[in-house]
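Have a go at each one before reading its solution.

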Amino acid sequence: MRRLPVYFLVECSGSFTGDPIVSIERGFKLLLDSLRQDPQTCELVWLSVITYSSCAQQVVPLSDVFSFQEPTLVAGGGSALGGALEELDRVLAR
């Protein structure tokens with residue numbers, strides 16, 4: 001089976017408190033609505049989410065479009081982009 005893995009690195013630092021984090025959550029909903037309307041996309045695209053603030057973690061494992069569950073995002077802490085990139089590297093190495 002062909003797969004197009006898409007990994008989202010989502011910053012959830014303290015500067016994203018309030019409207020910014022809500023906008024990201026809305027963006028996930030819009031993206032999923034759009035992807036789920038295209039049968040080819042549903043078969044091909046797989047999604048994952050890695051969040052980062054003071055630390056990074058994969059909060060949604062690689063999932064097909066219909067199984068994908070939008071994460072609950074909580075803003076706080078610093079911004080460890082390097083940690084997010086290391087987490088992505090670890091996930092891709094599996």
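**Exercise 1.** Is Lys 29 buried, partly exposed or exposed?

*Solution.* Keep in mind that this is a predicted model. Start with the cut-offs: buried is under 20% relative accessible area, and exposed is over 50%. Lys 29 has a relative accessible area of 46%, so it counts as partly exposed.

**Exercise 2.** Find the residue whose side chain meets that of Lys 29 in a salt bridge, and say where the two residues sit.

*Solution.* First, look for the partner: Glu 70, at 2.9 Å from N to O. Lastly, check Glu 70 itself: its relative accessible area is 30%, which makes it partly exposed.

**Exercise 3.** Now compare Arg 90 and Glu 87: how far apart are they along helix α3?

*Solution.* Three residues, or about one turn of the helix. Their side chains meet in a salt bridge too, at 2.5 Å from N to O. Arg 90 is partly exposed at 42%, whereas Glu 87 is buried at 12%.

**Exercise 4.** Which residues have the most contacts inside the largest nonpolar core?

*Solution.* That core has 13 residues, and the ones to pick out are Val 10, Leu 47, Val 49 and Phe 68. Helix α1 (19-35) and strand β2 (45-52) each supply at least two core residues, with α1 giving the largest share, four. Zoom in on Val 49: leaving out residues up to four places away in sequence, its contacts include Phe 8, Val 10, Phe 28 and Phe 68.

Technical notes
Residues numbered from 1 in each chain as written. Predicted model: local features only at pLDDT ≥ 70, side-chain atom pairs only at ≥ 80, totals over all residues. Heavy atoms only, no water. Core = buried A, V, L, I, M, F, W, Y, C linked by side-chain atoms within 4.5 Å. Buried < 20%, exposed > 50% of the residue type's maximum accessible area, 1.4 Å probe, protein only. Contact = heavy atoms within 4.5 Å. Salt bridge = Lys/Arg side-chain N within 4 Å of Asp/Glu carboxyl O.
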